[in-house]
Structures are given as structure tokens and as C-alpha cells.
Amino acid sequence: MAETWNAVDRWFTERLGLADETLESALAASDAAGLPPIAVSAPQGRLLYLLARQAGARRILEIGTLAGYSGICLARALPADGRLITLELDPRHAEVARSNFRRSGLEARVEIRVGRALDSLATLEREGSAPFDFCFIDADKSSSAEYVDACIRLSRPGALIVLDNVVREGAVLLESSKDASVQGVRRALELLGRDPRVEATAIQTVGSKGYDGFALAWVVEPRAAPEAGGR
Ligand code: SAH
Ligand code: DHB
Ligand code: MG
């Protein structure tokens with residue numbers, strides 16, 4: 001089946017024109033630098049773009065930059081004065097991403113912060129800057145729950161949070177797994193299910209990235225109170 005999933009993704013990508021020169025050259029630079037081939041697929045990247053665009057996002061937070069592939073998709077959804085802050089642990093990855101953002105002409109909208117995402121998130125909270133409209137979580141899966149929690153705190157009501165790789169070929173079901181990634185994703189989904197600050201779902205996917213999936217969480221926006229004395 002994996003071959004069919006791949007072929008269908010390729011066909012969608014061609015028919016819908018999802019792989020332009022900028023994205024192709026970002027991937028080529030990533031491969032040439034020896035970075036792992038784990039960026040979102042072209043259709044997934046376009047989904048991120050569409051969601052951020054539909055949300056009218058002006059400030060986007062990404063956790064896990066790699067070579068900037070998903071970051072380019074997200075930054076393209078921003079207005080010219082919008083901002084993508086993307087967090088990356090590995091300075092080599094950040095360097096490749098920096099040059100990819102430069103080549104894409106989006107660098108003015110993008111800020112890469114190098115370091116452990118948990119530290120960068122704590123710094124962002126301390127800075128108390130404007131809340132985010134959209135978050136994409138795609139770094140080490142072991143800290144997924146902490147990332148979700150931090151993203152909720154850093155987001156405005158009505159913001160959207162996307163959490164990548166929540167299925168991993170069904171490994172998410174392995175309750176007593178010794179794999180920290182599995183446990184991290186399980187804790188993240190448990191948090192999304194019980195936290196009154198969000199309404200969430202999770203969707204399984206197949207494609208060029210195998211059998212996986214993502215969770216989508218909406219930061220609850222309290223409904224306007226009914227007018228006093230209204231009848
Ligand atoms: N979002 C990217 C793919 C990210 S891959 C895309 O779709 O194009 C995951 C990235 O998270 C890797 O670059 C890895 O170095 C980074 N990462 C892993 N642990 C991290 C941590 N603790 N803090 C920040 N980044 C981390
Ligand atoms: C891996 C990480 C990802 O973010 C992804 O989308 C696919 C694979 C990995 O670490 O193997
Ligand atoms: Mg991913």
C-alpha cells in the first residue's frame with residue numbers, strides 16, 4: 001500500500017502544483033546538508049498554509065524547524081508584516097533553514113531561535129510578547145505534552161494548534177511502550193482531551209510519510225455573554 005500512498009501524494013502534488021521551485025530547492029539543500037528527510041509532505045505543507053491563511057494568522061509559532069520546509073509554507077500564509085518564530089535545537093539545521101528562508105524571500109518575516117524548545121518557550125513567556133494565532137508542533141515527540149501546554153499559554157483565544165505525528169503506524173496505542181516519543185504523544189493527547197482550554201480532534205493520515213496523523217486543537221474562545229436584560 002505504501003507505494004500507492006506515495007504515488008497518490010505525487011499525483012496530488014503535480015495536479016495541484018504543490019511543489020514549486022522554492023520548496024524543491026529547500027528540500028534539495030536539506031538533503032545536500034545531510035539533514036533527515038522528515039519534513040512535512042507537499043500536501044501537508046499546503047494544509048498548514050491553508051489553515052494558517054484561513055485563521056488570518058499574523059503571528060505563528062513553530063516548534064521544530066529542521067530545514068525550514070514547513071516554515072516556508074507557514075510564512076507564506078503571513079501578511080508582509082507578520083511573524084513566524086520557529087524553534088530549533090540543532091544549529092546545523094538552523095543554518096540550513098536560514099539560507100532556505102533567505103532564498104525564499106521570506107526571511108524578513110521569520111525568526112529562528114536556536115536552543116532547547118522548552119527553554120525558548122520559557123523565554124517567550126517571559127518576554128510577554130503578543131499571543132500567537134497559530135502553532136505547529138513538530139519537534140521531539142517526548143516533550144509533546146509540554147509543548148502543547150506552552151502553546152496554549154502563548155496563544156490567543158481562537159488560535160489553532162497543530163501537533164504532527166500522533167499515530168506513528170499505530171504505536172500511539174502501546175500503553176506500556178518504553179519509547180519516550182510514544183509516551184510523549186500519548187500524554188499530549190490525554191492533555192488535549194481533558195483540558196478545558198481547548199477543543200481538539202486527531203486525524204489518521206497515509207501518504208508519502210507513511211501511516212501517521214495529526215491532532216488539531218482550537219483554543220477556546222468564550223462566547224459573547226448574552227446582553228443583560230435581553231429578552
Ligand atoms: N517542521 C519541520 C520538520 C521538523 S523535524 C518540517 O516539516 O519541515 C524535527 C526538528 O525538531 C529537528 O530539526 C530537530 O533537530 C528538532 N528538535 C528536536 N528536539 C528539539 C528540542 N528539544 N528543541 C527544539 N528543536 C528540537
Ligand atoms: C520523524 C519526525 C517527524 O516530525 C516526522 O514528521 C516524521 C518522522 C522522526 O523523527 O522519525
Ligand atoms: Mg513531523
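Student: On what basis are the residues and values given?

Tutor: This is a predicted model in which local features need pLDDT of at least 70 and side-chain atom pairs count only at pLDDT 80 or more, while totals for chains, interfaces and linings use all residues. Residues are numbered from 1 along each chain as its sequence is written, chains are lettered from A and ligands numbered from 1 in the order in which they are written, and side-chain values use heavy atoms, with hydrogens and water left out.

Student: Which class does Glu169 fall into, buried or exposed?

Tutor: The relative accessible area of Glu169 is 64%, and therefore Glu169 is exposed. Glu169 belongs to the loop between β5 and α8 (180–194). Its phi is near 55°, a positive value in a residue other than glycine.

Student: How do you know whether Leu160 is buried or exposed?

Tutor: Leu160, found in strand β5 (residues 155–164), has a relative accessible area of 15%, so Leu160 is buried. Leu160 and Arg109 are 51 residues apart in sequence and 19 Å apart in space, C-alpha to C-alpha.

Student: What makes Leu16 part of a surface patch?

Tutor: Patches are made of residues with over 30% relative accessible area and no salt bridge, where like charges are joined within 9 Å and nonpolar side chains (Val, Leu, Ile, Met, Phe, Trp, Tyr) within 5 Å. A salt bridge is a side-chain nitrogen of Lys or Arg within 4 Å of a carboxyl oxygen of Asp or Glu. Leu16, in the loop between α1 and α2, is exposed because its relative accessible area is 55%. With Val8, Trp11 and Phe12, Leu16 forms a nonpolar patch of about 390 Å² of accessible area together, by the Shrake-Rupley method with a 1.4 Å probe, where for residues only the protein chains shown count as cover.

Student: What makes a space a cavity, and which residues line the largest cavity?

Tutor: On a 1 Å grid over the protein atoms alone, a cavity is a set of points where a 1.4 Å probe fits but cannot get out, and a pocket is an open set with protein on both sides within 12 Å along at least five of seven lines; lining residues have an atom within 4 Å of a point. The whole structure has one cavity of 30 Å³ or more. The largest cavity has a volume of about 40 Å³, a volume being the space filled by probe spheres set on the points, which are joined across faces, edges and corners. Its lining consists of Gln44, Asp164, Asn165, Thr205, Lys209, Asp212 and Gly213.

Student: How much space lies in the largest pocket?

Tutor: The largest pocket holds about 610 Å³ of space. Among its 34 lining residues, Ile38, Gly64, Asp138, Ala139 and Asp140 are the closest to its centre.

Conventions: Helices (H or I, at least four residues) and strands (E, at least two) are DSSP runs, numbered from the N terminus. Buried means under 20% relative accessible area, exposed over 50%, partly exposed in between (1.4 Å probe, protein chains only).
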